[in-house]
Amino acid sequence: MSEPLNVDDTSFKDVVLGAEMPFLVDFWAPWCAPCRVIAPVVEQLAVEYEGRIGFAKVNVDENARVATEYGIRSIPTLLLFKDGKPMTQIVGARPRAELKKHLDASLT
Amino acid sequence: MDNAYQLLIVGGGPAGLSAGLYAARSRLHAVLLERAMLGGQIMNAELVENYPGFPQGISGAELGSLMEQQAQKYGLEMVMAEVEGIALSGDGKIVSTGEGSYHAKAVIIAGGSEHSKLGVPGEEDFTGRGVSYCAMCDGAFFSEQAIAVVGGGNVALNDALFLTRFASKVVIIHRRDQLRATRILQERAFAENKIAFLWDTVVESIKGDTQVRELGLRNVKTGEESGLEVSGVFIAVGLSPNTGYLSGLLALSPQGFILVNDRMETEVPGIFAAGDVRAGSARQVASAVGDGATAAISAERFLSSA
């Protein structure tokens, strides 16, 4: 799996919470310009961390339940899950190097 | 030498992209570094109505993307990397980034600014959970809810007007008794039923549980304290320059903006500044592109005389 998986309200639990490896979830919407900026960065990271960290995308327009459950009120928000729990919340388009620091931290 | 250029441009907003366009057309060996979002701050503006040439206005995201395409068309190299420091080395400059080092004879700093924070309790904790700095990104989460906008400038009023599409009520909280925003925006805001104003008022705290519930307010004239129940607060209280990494290298204003002359030259030969990041900027897209062009022309002159 080298591309972020599109998950929805229904599949979120199985895919993300049930995963054995850490999972980075990109909450986004089509009308959000910074979301379009961060998407290719997340795609690159998905390739780079393949097999070590899972990557998923949640379209908040279509999946309000999971966005509400995690209190998402800004997009893009990246939520990094470990052992089924949100560990780090990253709001806004941030530099790649900063994202990598959080990802590396989740692997220790 | 790896990563060696004639000109390095820090920042991919309107100032940096204009400088890059000029540099590329001058066939300088140039690279532009952007840390997060090519296009810069305007990418978050719903509609830019004061940039000449677009009588119907243009979305900030579209304008930013057009500027990027135009620089790209002439071959400007653009790299996503965050600059962490600039050091002088002989007659060149070494620019260190999160993704390795670059060498350049000349540097244009067009790193822009970012939204200032209020610096009150709760602001950091609730960021992304009701505290927002981007109405365009987050407005839709507040459908039929009461929200507040803090500030009295153009960004604050544009945000408030945009947010009336979603929110049931928008309260503009401003520390003075009059607005800084341009007249036409004031007229629109005063005419909008959903917008109310709290004058002479500052936010002292942001409270809530899993999300924002209430703002603690204080009237700066009477000292009276009060609470305002809202589920979101959009903060638009001005901009701080991205110059933390430059202290000790360049002369900065007390607020941290880079001091330049009218050719956009800093006190260090071969280092220029353009756009929001320089002291005295009008902080408009129109002035930023002018700065970028001026800085690129000055840099080219510097390179050909060096």
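This is a predicted model: local features need pLDDT of at least 70, side-chain atom pairs count only at pLDDT 80 or more; totals for chains, interfaces and linings use all residues.
**Exercise 1. The interface**

Determine how many residues of chain A are in contact with chain B, and describe the area buried between the two chains.

*Solution.* 
Step 1. On the side of chain A, 18 residues are in contact with 24 residues of chain B.
Step 2. The two chains bury about 1800 Å² between them, and 57% of this lies on carbon and sulfur atoms.
Step 3. Trp31(A), Arg73(A) and Pro95(A) provide 39% of the area that chain A buries against chain B, more than any other three residues.
Step 4. Across this interface, seven residue pairs are in polar contact.
Step 5. At least two residues of the side of chain A that touches chain B come from each of helix H2 (33-48), strand S5 (85-91) and helix H4 (96-106) of chain A. Of the elements of chain A, H2(A) gives the most to that side, with four residues.
Step 6. Sorted by class, the side of chain A that touches chain B comprises 11 nonpolar, three polar and four charged residues.

**Exercise 2. Charge pairing between the chains**

State which residues form the salt bridge counted between chain A and chain B.

*Solution.* 
Step 1. The count between the two chains is one salt bridge.
Step 2. Its partners are Glu99(B) and Arg96(A), whose closest N and O atoms are 2.9 Å apart.
Step 3. Glu99(B) and Arg96(A) also belong to a network of salt bridges that includes Glu48(A) and Lys100(A).
Step 4. A general principle applies: side chains of opposite charge can pair when their charged atoms come close.

**Exercise 3. Salt bridges within a chain**

Explain why the salt bridge of Glu82(B) and Arg35(B) ties together separate parts of chain B.

*Solution.* 
Step 1. The side chains of Glu82(B) and Arg35(B) meet with an N to O distance of 3.4 Å.
Step 2. Glu82(B) lies in the loop between strand S3 (77-80) and strand S4 (83-89), whereas Arg35(B) lies in the loop between strand S2 (30-34) and helix H2 (60-73), so the pair joins parts 47 residues apart in sequence.
Step 3. Both residues are partly exposed: Glu82(B) has a relative accessible area of 25%, and Arg35(B) one of 27%.
Step 4. A second pair in chain B is Arg188(B) with Glu49(B), at 3.2 Å between the closest N and O atoms. Arg188(B) is in helix H5 (residues 183-191) and Glu49(B) in the loop between S2 and H2, 139 residues apart.
Step 5. Over all chains, the count comes to 15 salt bridges.

**Exercise 4. Two polar residues of chain B**

Decide whether Glu34(B) is buried or exposed, decide likewise for Asn242(B), and find the backbone atoms that their side chains reach.

*Solution.* 
Step 1. Buried requires under 20% relative accessible area. Glu34(B), at 9%, is therefore buried, and Asn242(B), at 13%, counts as buried as well.
Step 2. Glu34(B) is found in strand S2 of chain B. Its side chain reaches the backbone nitrogen of Gly12(B) at 2.7 Å and that of Ala36(B) at 3.0 Å.
Step 3. Beyond four places in sequence, Glu34(B) touches residues including Gly11(B), Gly13(B), Val79(B) and Met80(B).
Step 4. Asn242(B) sits in the loop between strand S16 (239-241) and strand S17 (271-273) of chain B. A polar atom of its side chain lies 2.9 Å from the backbone oxygen of Gly111(B).
Step 5. With neighbours within four places in sequence left aside, the contacts of Asn242(B) include Gly112(B), Ser113(B) and Val277(B), and also Arg35(B), the salt-bridge partner of Glu82(B).

Definitions and conventions. Residues are numbered from 1 along each chain as its sequence is written. Chains are lettered from A and ligands numbered from 1 in the order in which they are written. Side-chain values use heavy atoms; hydrogens and water are left out. Buried means under 20% relative accessible area, exposed over 50%, partly exposed in between (1.4 Å probe, protein chains only). A polar contact is a pair of N or O atoms within 3.5 Å; within protein, one must be able to donate a hydrogen and the other to accept it, and residues adjacent in sequence count only if both atoms are side-chain atoms. Contact means heavy atoms within 4.5 Å. A salt bridge is a side-chain nitrogen of Lys or Arg within 4 Å of a carboxyl oxygen of Asp or Glu. Buried area is the accessible area (1.4 Å probe) that two parts lose on being put together, summed over both. Ala, Val, Leu, Ile, Met, Phe, Trp, Tyr, Cys and Pro count as nonpolar, Asp, Glu, Lys and Arg as charged, and the others, Gly among them, as polar.
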